[in-house]
Amino acid sequence: MPIMTLLLDRKPVRVYETSRAVIRIGRGEDMDISIDNLSVSREQAEIRHEGNVWTVRDLGSSNGTFLNGQRVTAPQPLRPGDEVAFGKFAILFERELTDVPAPGPAASHPAAPAEGTLALAPEEAERLLQAAALKRRAQLQWEAGRRRGTHFIEGGAALIGRSGLCDLRVSAGGPSPYVALVVRGAAGFEVRNLSRFSRLRLNGQATVRAALENGDTIRIGRLRLTFLDEVR
């Protein structure tokens, strides 16, 4: 019985459990997982159990189905943790996230409208997929005075400060060229204070080095960072 978590961008929508050997996904009311969105085809994808292997295949959808970022052109085997994506939506196979509704049987969302699928040009479908996947990555939402933005963490680390060598180039006040480092270690992400002039506070507590959890707030001088872990 596989566990599947449906995501919309970063938000877990629902966890599904089913004993069925074939799970059909799409906008149609007769689908096992029905998603009321015009970017999803009436018949989008199918997850099937054959022998000891689960596979996913596209059902001729208008905008394509992607497995871990690669377009599905033929049935592909699924492994725990794989991401099956279509537009802004994704299904994490054999992965249950916290803070989502309790697992339930495969069931439909509200009935789909009568209109046809909103077909996208291939490059637009790729852009939409990439944008949705980007939002699920580890990131820092930052504010410094009137400036604000989002920095997506590349390669498991983000060097923060005013230096041109920094990944997130922003002033926190004070003369330090580097003020903090957010880096992924064996146990997850952590933050380290690199400034000799500004105190780093994690959720209001002064620290030099500390583990990070999703939603943690980091303050260094006038710089405020909110850490969002990758959706996994």
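## Starting from one pair

In strand β17, Val182 is the bridge partner of Ala158. Strands here are DSSP runs of E with at least two residues, numbered from the N terminus, while helices are H or I runs of at least four. Two strands count as paired if DSSP finds at least two bridges between them.

Before going on, a word on the model: it is predicted, so local features need pLDDT of at least 70 and side-chain atom pairs count only at pLDDT 80 or more, while totals for chains, interfaces and linings use all residues. Residues are numbered from 1 along each chain as its sequence is written, and side-chain values use heavy atoms, with hydrogens and water left out.

## Strand β15 and its sheet

Let's stay with β15, which covers residues 157–161. Is this strand enclosed or open? Of its 5 residues, 4 are buried, so the rest of the structure largely encloses it. Buried means under 20% relative accessible area, exposed means over 50%, and partly exposed is in between (1.4 Å probe, protein chains only).

Strands in a sheet pair through backbone hydrogen bonds, and they can do so in a parallel or an antiparallel way. β15 shows both kinds: it runs antiparallel to β17 (residues 180–185), joined by 4 bridges, and it pairs in the parallel sense with β16 (residues 168–169) over 2 bridges. Leu159 stands opposite Leu181 in β17, and Ile160 has Leu168 in β16 as its bridge partner.

Zoom out and you get an open sheet of 5 strands with mixed pairing, in the order β16-β15-β17-β18-β21. At its edges stand β16 and β21 (209–211), each with a single partner strand, so one side of each has no neighbour in the sheet.

## A second sheet

Another open sheet has 6 strands in the order β14-β13-β23-β22-β19-β20, with antiparallel pairing. Its edge strands are β14 and β20 (205–207), each pairing on one side only. From one strand to the next, the twist averages 25°; such angles run from 0 to 180 degrees between N-to-C directions, with axes fitted as lines to C-alpha atoms (for helices, over the stretch in contact).

Inside this sheet, β22 (residues 217–220) and β23 (residues 223–228) run antiparallel and are joined by 4 bridges. Arg219 stands opposite Arg224 in β23. Over in β14 (residues 147–152) sits His151, which counts as buried because its relative accessibility is 14%. His151 touches residues including Trp142, Ala158 and Leu168, leaving aside those up to four places away in sequence; touching means heavy atoms within 4.5 Å.

## Nonpolar cores

A nonpolar core is a set of buried Ala, Val, Leu, Ile, Met, Phe, Trp, Tyr and Cys residues joined through side-chain atoms within 4.5 Å. Which residues touch the most other members of the largest core, which has 24 residues? They are Ile153, Ile160, Val182, Leu212, Ile218 and Leu223. At least two residues of this core come from each of β13 (139–144), β15, β17, β18 (188–193), β19, β22 and β23. Apart from it lies another core of 19 residues, with Ile23, Ile25, Ile33 and Val40 among them.

Most residues other than glycine have a negative phi. Asn68, though not a glycine, has a positive phi of about 50°. Asn68 lies in the loop between β7 (66–67) and β8 (70–71) and is partly exposed, at 40% relative accessibility.

Asn203 also has a positive phi, of about 55°, without being a glycine. The loop between β19 (200–202) and β20 holds Asn203, which is partly exposed with a relative accessible area of 45%.
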